[in-house]
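Please look over the model shown below before reading the briefing that follows it.

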Amino acid sequence: MAEPPPYPEPADDSGVRPTPGPTGMPRWVKVFIVVAIVLVLALLVSWLLGVQHGPGLHSPPGGSGGQTAPLEVEQP
Amino acid sequence: MTMPPALRKVALATHLLFSVGWIGAVVAYLVLSVAAVTTQDAPTLRATWIAMDLTGWYAIVPLALGSLVTGVVMALGTKWGLFRHYWVLISFVLTVLAAVVLLLHMPGVSVLADAAREAEGAGLDGPGKHLYTRLDDGDLLHPALGLVVLLAIQVLNVYKPQGMTRYGQRKQAEERAARCSGASTRTSEECFSRDAAELCWN
């Protein structure tokens, strides 16, 4: 059996067509959000555990925080 | 307000230039970071940090800001909009996030690049080895994660997966109602088909 057309035929159309209702969030967006949350949580946990991750200005809680201290210069 | 086609092409070309340039500059930064982690040579270690500092401030930061600005211009100057489609919205959020992390991160790179400059003449195993504290840790996480984010944005921009936000659906319905009110049967068909056709140019 043929699928019914999603909208009335043009001949039956008086100019007013049913507007499709609002569609929900696509699955790919939900997957994207879940992956992002997992990544953020992983980074947060590593930060709370004090794992160093480069020369950024952010330090783990309890650390000195703020700017990375300039390195000592060896005097001749 | 939508841009005329000629202006849109210029804006698109500029946006591509900044965005692809950003990815390329991050790849260069990542290569330098890997070299910083793996090298056993003091001059090379110092050079990598100085090069990362220069690459970051004079290539990555301008390209990132340029990509963000031109991306917003492209979104607002076309039918895509900034908040209408999930792929545009997610690309925008990720780009802002990447740019903010970059701007917060670079001052720390500069501090270590200054330390690398001051360590000139000191060896990795000699009495001046403490000068290299933290330099040999490298900086792999930030550029690696940044590259993943930029590639995700690139994939979204190329494939443009379907999906309209509630705001986008509401705006589309409003525009359709305005366009189709009182339209004849034929123009009604056309006004419905325009929703898709208008987004086919990119």
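**Confidence in the predicted model**

In this predicted model, chain A has a mean pLDDT of 64, with 39% of its residues at 70 or more, where pLDDT is the predictor's confidence in each residue, from 0 to 100. The pLDDT is below 50 over residues 1-18 of chain A, a stretch that has 15 contacts in the model beyond near neighbours in sequence, a contact meaning heavy atoms within 4.5 Å. It is also below 50 over residues 56-76 of chain A, which have 39 such contacts beyond near neighbours in sequence. Where pLDDT is low, the predicted coordinates should not be read in detail.

- Chain B averages a pLDDT of 87, and 84% of its residues score at least 70.
- The scores of the model are ipTM 0.73 and pTM 0.77.

**Conventions**

- Residues are numbered from 1 along each chain as its sequence is written, and chains are lettered from A and ligands numbered from 1 in the order in which they are written.
- Local features need pLDDT of at least 70 and side-chain atom pairs count only at pLDDT 80 or more, while totals for chains, interfaces and linings use all residues, and side-chain values use heavy atoms, with hydrogens and water left out.

**Helix packing between the chains**

- H1(A) and H4(B) pack at an angle of about 175° with their axes 14 Å apart (axes are lines fitted to C-alpha atoms over the stretch in contact, and angles run from 0 to 180 degrees between N-to-C directions; helices are DSSP runs of H or I, at least four residues, numbered from the N terminus).
- H1(A) is therefore roughly antiparallel to H4(B), a term for angles over 145 degrees.
- A:Trp28, A:Phe32 and A:Leu43 of H1(A) meet B:Leu141, B:Leu145, B:Ala152 and B:Leu156 of H4(B).
- The residues of this contact divide into seven nonpolar, no polar and no charged (nonpolar covers Ala, Val, Leu, Ile, Met, Phe, Trp, Tyr, Cys and Pro; charged covers Asp, Glu, Lys and Arg; the others, Gly among them, are polar).

**A backbone detail in chain B**

- B:Lys160, in the loop between H4 and helix H5 (166-180) of chain B, has a phi near 45°, a positive value in a residue other than glycine.

How values were computed. Helix = DSSP H or I, 4+ residues; strand = E, 2+ residues; numbered from the N terminus. Parallel < 35°, antiparallel > 145°, perpendicular 65-115°, else oblique.
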